[in-house]
Amino acid sequence: MLKVKLNEGFVLAPGIYDAITGLIAAKAGAKAVYLSGASIAYTRFGRSDIGLVSVSEVHDTLAAITDRIDIPVIVDADTGFGNALNVQRTVRQFERVGASAIQLEDQSFPKRCGHLAGKTLVSENEMVGKIKAALDTRKNENTLIVARTDARAIEGLDAAINRAGAYRDAGADILFIEAPQSLEEMKNITATFGNELPLLANMVEGGKTPIASATELEDIGYHLAIFPGGAVRAIAHHLSAYYSGLLRDGNNKKFSEKMYDFDGLNEVIGTKELLAQGKKYE
C-alpha cells in the first residue's frame, strides 16, 4: 500500500520499466517505484513517448514487476487508453495485478510526453468523468488515483490550477500538475493545494521543470516525487559506452569494473534462493 498523506513524510519513487529495474530499485532502498509509460516505450520499442504503448503492454509489464517485488508501484496509465469505459477497464486490470496507485492524465489521443511540445487536451468535464469512473471502479480505496493535468503547456498555469481544482473536487487522491516551468510556479501550485491533498512533482532531466532534490521539493510543499526516465537515461548512457568499448576492443576487459560478472548478477536476482526453492519440490 502506498502511503502518501499530508504531513506524514515525503515519498521518492524512482522510475522503472521492468522487473529487474524494480528489483534493483527495491534492493537500493526504494519504498515505492514508478512504472513509466515513456520508459516502456523507450526500452521496449526504442521509440519516443508519443502514445505507442498499449494498455496490454503496460499491464503485462506491471504484472511481471509486482510478481517480483513487494514495494508499492505507481503506474502510468496515460489517458486511461480511451474514454471513461476504457479507464474502468484499465483500473480493473491494473489493480488486479497489484498497482498501488494509477495515474491518469487529461491529454487527448495520441498523447505524448509531458515535456514535449504539441500536446492537446480533452475537456475538463471529460477528465472529471474519467476520474469518477476510476474511483467507482477500484475495489480498494487504498488504490490511489493520481490526476494529472498537462494544461500548463497549452493554456497556462492558471488554467492548469483551475483544472487541478476540478480534479480535486472529483475525488482524486493525488494531484499532478505537469511541467511547471519555474520554482515560482511550483510554489504557486503548492500554495494552492498543498494543505488539501498530496502533490506529485515530476523530475525530468533536461525537461521543462527545474530539477530539485526530494528535500527541496518537500520544503516547498510537495509530498511525492517521481524520477520516471532517469534510469533509462543512465542505462542508455552506460550502454553506449559498453557497446562502443566491446566493438572497439573485442572484449569487456576494460569495462569489467563497471559491470556485474556472471556470479554478481545471479546474486542480485536471487538465483541461489530460487534454485533452493525449486529443490524443495523435487
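Student: What is the volume of the largest cavity, and how many cavities of 30 Å³ or more does a search of the whole structure find?

Tutor: In this predicted model, the largest cavity has a volume of about 40 Å³, and a search of the whole structure finds one cavity of 30 Å³ or more.

Student: What makes Phe 176 or Tyr 222 a lining residue of the largest cavity?

Tutor: A lining residue has an atom within 4 Å of a cavity point, and the residues that line the largest cavity include Phe 176, Ile 177, Met 186, Leu 200, Thr 209 and Tyr 222. Strands β6 (174-177) and β7 (200-202) each supply at least two residues of this lining, with β7 giving the most, namely three residues.

Student: How do the residues of that lining divide into nonpolar, polar and charged?

Tutor: Eight are nonpolar, two are polar and one is charged; Glu 178 is in the lining, and Glu counts as charged, whereas Ala and Pro count as nonpolar.

Student: Why are helices α2 and α3 called roughly perpendicular to each other?

Tutor: The axes of α2 (residues 37-45) and α3 (residues 55-66) cross at roughly 90° and come within 11 Å; angles of 65 to 115 degrees count as roughly perpendicular, and α2 and α3 are therefore described in that way.

Student: Which residues of α2 and α3 meet?

Tutor: Contact means heavy atoms within 4.5 Å, and Ile 40, Arg 44 and Phe 45 in α2 meet Glu 57, Val 58 and Thr 61 in α3. The residues of this contact divide into three nonpolar, one polar and two charged.

Note on methods. Residues are numbered from 1 along each chain as its sequence is written. This is a predicted model: local features need pLDDT of at least 70, side-chain atom pairs count only at pLDDT 80 or more; totals for chains, interfaces and linings use all residues. Side-chain values use heavy atoms; hydrogens and water are left out. Axes are lines fitted to C-alpha atoms, for helices over the stretch in contact, and angles run from 0 to 180 degrees between N-to-C directions. Helices (H or I, at least four residues) and strands (E, at least two) are DSSP runs, numbered from the N terminus. Angles under 35 degrees count as roughly parallel, over 145 as roughly antiparallel, 65 to 115 as roughly perpendicular and the rest as oblique. On a 1 Å grid over the protein atoms alone, a cavity is a set of points where a 1.4 Å probe fits but cannot get out, and a pocket is an open set with protein on both sides within 12 Å along at least five of seven lines; lining residues have an atom within 4 Å of a point. Grid points are joined across faces, edges and corners, and a volume is the space filled by probe spheres set on the points.
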